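Me: I am new to reading protein models. Can we go through one together, feature by feature?

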Amino acid sequence: MANDIKISIRKLFKIFGPDPDVALEYVRRGMNKADLLEQQNHVLGLRDINVDMRDGEITVIMGLSGSGKSTLIRHLNRLIEPTAGEIRMDGEDVLSYSEEQLRKLRRERMSMVFQKFALLPHKTVLENAGMAKAIRGYTTSDFEADARKWLARVGLEGNENQYPHQLSGGMQQRVGIARALVSDAPIMLMDEAFSALDPLIRSDMQDLLLELQEELHKTIVFITHDLDEALKLADHLVILKDGEVVQQGDPQEILLNPGDPYIVDFISDINRARVLRVRSVMKPGTEAEDNYAGDISERDNLETVLERSGGDTELSFRVVRDGQQVGSLHMKDLTKALVPTAAATESRQRA
Amino acid sequence: MATYDSLFSSLGLEEWCSQGQSDAPMSMSALLAKTKGENTEPESIWDAPFPSMDALNESCAAFPQSRELTKGLEQGFLAIKDSLSLVLDPLTQPLSWFLDGALYAMLNTPWWIVIPLLLAVVYLVTKSWKLMAFVGGSIVLLAFIDHYDYAMQTLAIIFVCAFLCVLLGVPIGIAMARSNTLQRLIIPVLDMLQTLPPFVYLIPLIFLFSVTESKLYGIAIILYAIVPVIRLTNLGIRLVDKDVIEAADAFGMTPRQKLYKVQIPLALPNIMAGVNQTIMMSLAMVVIASLVSAPGLGVLVLRGIRNLELGVGLVSGLGIVILAVILDRVTKASLARINASQKQ
């Protein structure tokens with residue numbers, strides 16, 4: 001968890017309109033999005049964004065449509081230029097980059113996966129996978145082995161010579177991911193990468209991404225509007241609303257202590273047992289008790305534990321990490337954690 | 001006395017007007033009025049003519065008549081003609097060479113080489129035996145009724161002109177797609193080229209170049225036929241999927257890489273549709289251009305009209321239709337092949 005900060009965003013503002021600098025002054029003085037649109041005819045894209053993204057982690061940026069999440073991710077490789085603020089990558093100020101430096105950044109240090117796949121329709125799957133390398137001037141024979149390896153890794157062995165339109169949506173997005181992996185870039189930007197896929201395939205792709213991340217430890221910035229997806233993937237979760245960060249942090253932490261009624265609303269529909277993990281609700285400590293019903297991993301979700309307990313609320317489990325005890329979990333605590341936040345707040349108010 | 005006398009006198013321009021005074025009647029109606037000895041009394045407001053140039057000239061002799069406008073245009077053109085052709089002549093000279101070369105090559109290569117060669121090209125771009133058989137049959141038919149030479153002349157001119165249209169039109173279209181200002185400037189020109197009756201731009205060309213030069217009709221055909229390929233190249237590049245362009249940017253393509261590896265390949269179906277239209281329009285123009293000595297089937301059509309030789313006109317017209325069908329089918333088939341390879 002103590003990884004270095006790979007990408008750091010500070011005081012980032014983005015305003016769309018003919019004269020963003022003037023509008024920026026109004027925003028800095030506290031004008032809200034609706035007033036800015038009505039009185040100044042400018043659209044507030046992002047307001048005062050401060051996010052740190054750590055090396056080797058998946059940072060998920062979540063928000064509904066219009067919350068500015070796609071705008072934010074496009075600032076990282078400057079597909080969109082900010083109105084004000086600072087973006088640092090490995091400590092370097094990306095905004096001061098010349099065109100040549102920026103191109104080098106996009107070619108070698110970043111790759112991107114798109115919602116609509118954005119593959120080249122006139123190139124084969126193999127050529128698409130090697131696109132990043134081809135742009136850098138390598139020939140097909142240079143990157144072919146690499147591209148084949150990654151295509152096989154994402155489950156597309158044997159499809160190398162097909163064209164994108166011959167593949168299903170899920171397979172096309174696998175090509176998209178392979179393309180990002182072949183580029184060997186340490187940072188992967190994923191813009192609603194799985195949103196266009198149907199739910200079963202989406203879940204498969206999420207598993208694939210987590211599996212790849214286990215071995216590759218890339219810095220992934222993932223955009224989504226789907227809370228379940230966000231909670232499944234995120235090491236660090238940033239929730240955006242109307243261009244502002246509402247809350248950010250460990251997703252389990254956000255789930256247990258939502259800081260805003262908006263988020264309470266948001267998380268009221270999810271299956272808490274599936275999302276919450278043992279480490280977030282356990283009692284830390286190594287003191288041994290005699291009547292443990294068994295060992296569970298700190299990474300297990302509560303649903304697994306419930307299944308093991310068979311619904312018996314009297315049991316307690318030993319929580320282990322790499323074979324060592326790190327805490328304990330009583331089924332009563334587990335049940336408490338499953339009470340929806342809205343209901344919990346109400347009962348607290350009544351007391 | 002004319003209707004607008006009072007206008008000029010109230011403006012105090014009488015003196016200026018009388019400078020242009022001459023006793024000779026300036027227009028036919030004035031002449032008629034004079035010979036009839038009719039007195040043009042002031043008329044009621046009901047009969048007041050529109051204050052056009054001619055009407056104003058009646059009141060004020062110094063005011064130019066409208067025929068001075070066409071005359072002025074003509075004289076202006078004649079005045080710059082020499083310097084214009086000094087620039088344009090060497091610039092367009094290669095066109096004459098191309099056309100003459102193509103015509104010479106088409107006519108002096110024996111038919112038993114040209115026909116198989118054409119069929120090979122057809123098969124190469126369409127990969128269809130059926131179409132090749134159709135083209136073969138059509139050419140053999142034309143040759144059998146002794147229209148082979150005329151048809152080949154027409155084909156040679158179309159090949160050269162369509163090729164030059166693509167060579168010039170695609171870069172212009174690309175430039176238009178990249179700059180909105182340029183698009184705003186060029187679109188009215190294209191509109192004008194497309195709506196101007198094709199006969200009209202033969203006139204200044206006749207002034208500029210000698211009728212014996214083949215570039216005269218070459219330029220006329222290119223001007224007329226280049227429009228669709230420019231328009232559709234522009235459109236095609238503008239219609240390239242924004243997501244793919246964004247991906248190209250995100251992976252760090254240079255503008256040149258983006259153009260050659262993404263934009264042109266993805267715009268190719270539209271560009272090819274433009275090429276198809278360009279070829280069809282050159283065929284239309286090559287017939288009209290026979291008025292200014294373009295050889296080919298158009299000459300026969302012209303003969304049919306001039307001498308009222310119904311049969312000659314009909315047969316050569318049919319020949320043109322056959323050429324049109326061949327060219328259209330072949331370009332459409334190759335277009336379909338491109339489309340099939342890159343549907344999304």
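Me: Let me start with a helix and a sheet. Which strands of chain A does helix α16 lie across?

Reply: First, a caution: this is a predicted model. Helix α16 of chain A, residues 331-338, lies across β11, β13 and β14. Against β14(A), helix α16 runs at about 70°.

Me: How do I read the sheet itself? What is the strand order in the sheet with β11 of chain A?

Reply: The general idea comes first. Strands of a sheet pair through backbone hydrogen bonds, either parallel or antiparallel. In chain A, four strands form an open sheet in the order β11-β14-β13-β12. The pairing is mixed.

Me: Which strands of chain A stand at the edges, and why is one side of each left without a neighbour?

Reply: β11 (283-284) and β12 (292-297) of chain A are at the edges. Each has a single partner strand, so one side has no neighbour in the sheet.

Me: How many bridges join β13 to β14 in chain A?

Reply: Six bridges join β13 (residues 316-321) to β14 (residues 324-330) in chain A. These two strands run antiparallel. To find your place, take A:Val320: it stands opposite A:Gln325 in β14(A).

Me: Now for β1 of chain A. What is the sense of its pairing with β2, parallel or antiparallel?

Reply: Antiparallel, over eight bridges. β1 covers residues 5-16 of chain A, and β2 covers residues 43-54. A:Ser8 has A:Asp52 in β2(A) as its bridge partner. β1(A) also pairs with β4 (residues 84-89) of chain A, in the antiparallel sense, over five bridges. There, the bridge partner of A:Ile7 is A:Met89 in β4(A).

Me: Next, helices. At what angle do α7 and α8 of chain A pack?

Reply: Start with the general idea. Two packed helices are described by the angle between their axes and the distance between the axes. In chain A, α7 (residues 140-153) and α8 (residues 169-182) pack at about 135°, with their axes 9 Å apart. α7(A) and α8(A) are therefore oblique to each other. Their crossing is right-handed.

Me: Which residues make the contact of α7(A) with α8(A)?

Reply: From α7(A) come A:Phe143, A:Asp146, A:Ala147, A:Trp150 and A:Leu151. From α8(A) come A:Ala178, A:Leu181 and A:Val182. By class, that contact has seven nonpolar residues, no polar ones and one charged.

Me: How is chain B divided into domains?

Reply: Domain 1 spans 5-65 and domain 2 spans 74-341. The C-alpha centres of these domains of chain B lie 52 Å apart.

Me: Last topic: how many residues does the contact between the chains take from each?

Reply: Chain B gives 18 residues and chain A gives 16. On the chain B side, α12 (242-250) and α13 (255-288) each supply at least two residues. α12(B) provides the largest share, six residues. By class, the chain B side that touches chain A has eight nonpolar, six polar and four charged residues.

Terms used. Residues numbered from 1 in each chain as written. Chains lettered and ligands numbered in written order. Predicted model: local features only at pLDDT ≥ 70, side-chain atom pairs only at ≥ 80, totals over all residues. Contact = placed C-beta atoms within 7 Å. Nonpolar A, V, L, I, M, F, W, Y, C, P; charged D, E, K, R; others polar. Axes fitted to C-alpha atoms, helices over the stretch in contact; angles between N-to-C directions. Parallel < 35°, antiparallel > 145°, perpendicular 65-115°, else oblique. Left-handed = near helix turned anticlockwise from the far one by under 90°. Pairing = 2+ DSSP bridges. Domains from an automatic or database assignment.
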